Amino acid sequence: MTIDAGRPLTGQPAGGPPQLGRPVIADHGEPTGPPARSGRSPFGRAALGRAGRAALLATGRTPVPDAIEPIVEAHRRHHPHADLTLLSRAYRTAEASHRGQLRKSGEPFITHPLAVTMILAQLGSGTTTLVASLLHDTVEDTEMTLAQVSAEFGPEVAYLVDGVTKLEKVDFGAAAEAETFRKMLVATGDDVRVMVIKLADRLHNMRTIRHMKPASRVRIAKVTRDVLIPLAERLGIQVLKAELEDIVFATLHPEEHARTRALVTAHEAQPDTLLQPFARALTRQLAEAGVTAGVTVRARHCVSVHRILLKRTAAAGPDGLPQGLRPADFGRLLVTVEENADCYAVLGELHTCWTPLPGEFKDFIAAPKFNLYQSLHTAVTLADGEVVEVLVRTRQMNRVAEFGVVALGDRPVPGGQGGESERPEGAEGARPGWLSRLLEWQQETPDPDTFWSALTADLSDDREITAVTEDGLTLQLPAGASCVDAAYLLGEGTGHRCLGARVNGRLVALSTVLGDGDVVAVLTEQAGPGPGAEPSGPAPEWLEYTRTPAARLAIERWLAEHPEGAPDLAPAGGPPAERPPGVPPAPAAGRGEPSPVAVPGRPGAPVRLARCCTPVPPDAVVGYETRGGAFAVHRVGCPAGERLREAGRSPVVPGWVAGVCPPCGFRVTLEAQALNRPRLLADLTAVMSAEGIGIVSAAVEPPQDLRVRHTYTIELPTPGTLPLVMRAMLRVSGVYDVYRAGPPRPDPARRGRHG
């Protein structure tokens with residue numbers, strides 16, 4: 001099944017992006033390409049229309065209004081036995097309700113629901129979804145009520161119309177934007193079709209965005225870029241996401257878009273001497289191997305080409321100059337087969353007959369992505385040195401890759417109307433795990449600003465990792481998540497009682513970032529003696545290395561409800577607060593000792609040196625005020641500090657106080673790269689101890705290619721000890737690099753020295 005492609009769609013900005021041969025969604029009523037030159041019918045369009053209707057009547061099917069014939073044709077490709085009676089009635093109702101209304105383009109308003117419904121029909125949505133799409137503006141913009149929709153078309157259609165209507169009742173604007181998408185998530189939580197209709201509605205509005213005022217174009221394009229495109233990505237609807245990206249690119253960056261389009265146009269004007277010949281060669285090879293497969297060239301859309309262009313220009317070639325686009329950068333090969341096993345058979349032929357590029361193979365069949373995507377990715381080098389990317393998937397995987405949750409079918413409702421096909425087996429994933437998590441924490445976040453920042457932060461994470469507990473439970477987390485995130489994913493009670501973690505059998509700090517496939521165990525404190533005993537709760541510094549909204553919101557809520565539970569932030573000169581079990585003492589001032597950091601204009605303010613980047617004099621540092629009036633001090637460039645800045649915290653520039661050290665010394669994490677040999681750990685710890693420092697923890701990664709990395713967390717009695725320790729470690733036999741862990745990454749020219 002393919003979605004109509006062809007000439008550029010109407011309704012896009014001037015110079016808008018053509019679709020580069022990708023499957024795209026054609027606007028309703030627009031011809032999708034020139035008529036065929038061979039076998040052209042002698043009849044005109046009107047005659048063909050009459051002939052088609054006559055043939056329809058001859059088959060006994062109920063005729064449909066002329067305006068929805070293209071929709072019916074697209075719908076029958078996916079649902080050949082669908083009952084169209086309700087669809088015809090919905091169109092007549094929508095047309096009568098919107099009669100006399102005009103869009104800003106001057107077109108009759110009914111063209112909008114028709115175009116939205118055409119998009120959904122081409123995606124393969126069920127009849128009920130199409131009926132709701134035709135009616136999605138009637139309750140908001142006409143005199144028709146939701147009760148009338150329910151009485152005439154059934155409660156399921158009314159529910160979908162109500163969900164979309166609620167989203168449209170709130171103006172797009174600063175605070176309103178958060179509430180709009182909160183309602184979207186709430187409505188989507190029970191039926192993902194609400195969000196699919198909303199995305200199709202936004203796509204048609206973006207196609208006609210040139211009729212908006214310039215300021216409105218920019219505002220709508222930014223919201224589409226920041227929220228709706230990530231939502232389309234997470235629902236797996238790639239054809240919709242790609243077109244939205246191109247229109248947003250043309251709207252917000254017209255000059256860069258024009259330059260990229262010029263490169264694409266120039267490439268298309270030249271004969272394909274790379275991808276098509278390789279596709280034919282691969283087809284022959286697979287046929288000889290007895291593998292039935294279809295091999296096609298998939299051209300990249302404009303934004304994808306622009307991203308590759310940025311990478312090329314940022315990297316110097318052999319001549320030291322920025323690189324330009326290569327012929328292989330404009331497309332990839334797609335191989336479609338019938339069975340999962342055939343995918344790996346294709347991979348075997350590829351890697352046997354051509355040279356695979358190391359590090360480019362990814363198996364998303366064994367480990368699907370968060371948006372249900374499954375495919376094999378690889379890259380091979382041809383005889384002339386060109387590198388070609390190849391995707392291998394089954395035909396069903398390809399449908400899900402293009403159409404996401406829509407390809408899984410509509411949610412069946414007992415006794416429901418509309419004639420949708422039954423939901424296929426395994427389609428329970430139509431509400432992905434990320435959506436379930438958003439729905440859980442959004443109910444506990446009444447503040448719209450907090451909800452909005454958490455939503456956009458979650459949507460910006462386009463990669464997920466899979467960790468496994470030692471009990472075999474699978475944890476889906478965003479890339480960059482720490483052990484604290486894993487603890488709170490297991491439950492808020494587990495997070496609040498968390499003391500430490502074990503990753504791949506080794507004890508690690510709670511700030512440790514988890515990798516794909518890690519085995520993690522969360523260590524918790526014993527429950528209190530009483531039935532209502534509270535846990536010790538999280539430490540404030542946990543906020544510096546949490547990535548998931550659920551963990552961050554749970555920690556912030558605990559700290560707000562238990563201000564006495566943050567011993568690091570006790571006021572200067574006050575009595576020492578009791579430290580909860582499992583929370584290590586932080587190198588903070590405010591307990592009667594002088595502070596190593598002075599905050600301008602806030603003498604005596606308690607400070608805490610961040611554990612994520614471990615600042616030490618004379619590092620350039622920046623401070624952010626936290627709860628209770630204390631200041632968290634980070635190294636300049638630390639991502640955790642940057643997140644505080646983005647969250648609205650005002651930075652200050654503190655200064656180091658000469659000769660003052662925290663009671664436990666300055667804590668620093670060092671990494672040593674070395675050639676693996678016996679007694680390396682003993683020799684490194686010996687030279688560190690000889691410098692008079694305390695070793696808090698040590699971790700050794702498994703050797704790779706005879707190389708090994710050691711990580712040590714140490715406590716320095718004075719800042720001047722740090723360069724001495726690093727030089728002593730470099731003198732150990734086999735050690736070839738020593739540097740401070742954590743951001744900012746050290747300059748290679750300065751490695752081995754302080755900083």
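Arg 502 sits in strand S9, which covers residues 498-503. Keep in mind that this is a predicted model.

Q: Why is Arg 502 called partly exposed?
A: Its relative accessibility is 25%. Buried means under 20% and exposed means over 50%, so Arg 502 at 25% falls in between and counts as partly exposed.

Q: What makes the link between the side chains of Arg 502 and Glu 470 a polar contact?
A: The two side chains come within 2.9 Å of each other. The cut-off for a pair of N or O atoms is 3.5 Å, so 2.9 Å passes. Glu 470 also turns up among the residues that Arg 502 touches, including Leu 507 and Val 519.

Q: How do you know that helix H14 has close to the expected reach?
A: H14 runs over residues 275-288, and its 14 residues reach 20 Å from first C-alpha to last. The expected value at 1.5 Å a residue is 20 Å too.

Q: Which residues of H14 are buried, and what puts them on the same side?
A: They are Leu 275, Phe 278, Ala 279, Leu 282 and Leu 286. They cover an arc of only 100 degrees around the axis, so they sit on the same side of H14. Here's the general idea: an α-helix has 3.6 residues a turn, so residues three or four places apart point the same way.

Q: What do the buried residues of H14 pack against, and what is on the other side?
A: They pack against strands S1, S2, S5 and S6 and helix H16. On the other side of H14, Arg 284, Ala 287 and Glu 288 are exposed.

Q: Why is the pair of Phe 278 and Trp 354 called edge-to-face?
A: The search of the whole structure finds 3 aromatic pairs. In this one, the ring centres are 5.0 Å apart and the planes meet at 85 degrees. Phe 278 is in helix H14 and Trp 354 is in the loop between H16 and strand S3, 76 residues apart. Both Phe 278 and Trp 354 are buried.

Definitions and conventions. Residues are numbered from 1 along each chain as its sequence is written. This is a predicted model: local features need pLDDT of at least 70, side-chain atom pairs count only at pLDDT 80 or more; totals for chains, interfaces and linings use all residues. Side-chain values use heavy atoms; hydrogens and water are left out. Helices (H or I, at least four residues) and strands (E, at least two) are DSSP runs, numbered from the N terminus. The expected span of a helix is 1.5 Å times one less than its number of residues. Buried means under 20% relative accessible area, exposed over 50%, partly exposed in between (1.4 Å probe, protein chains only). The arc is that of the directions from the helix axis to the C-beta atoms. Contact means heavy atoms within 4.5 Å. A polar contact is a pair of N or O atoms within 3.5 Å; within protein, one must be able to donate a hydrogen and the other to accept it, and residues adjacent in sequence count only if both atoms are side-chain atoms. Rings of Phe, Tyr and Trp (its six-membered ring) pair if their centres lie within 6.5 Å; planes under 30 degrees apart count as stacked, over 60 as edge-to-face and the rest as tilted.
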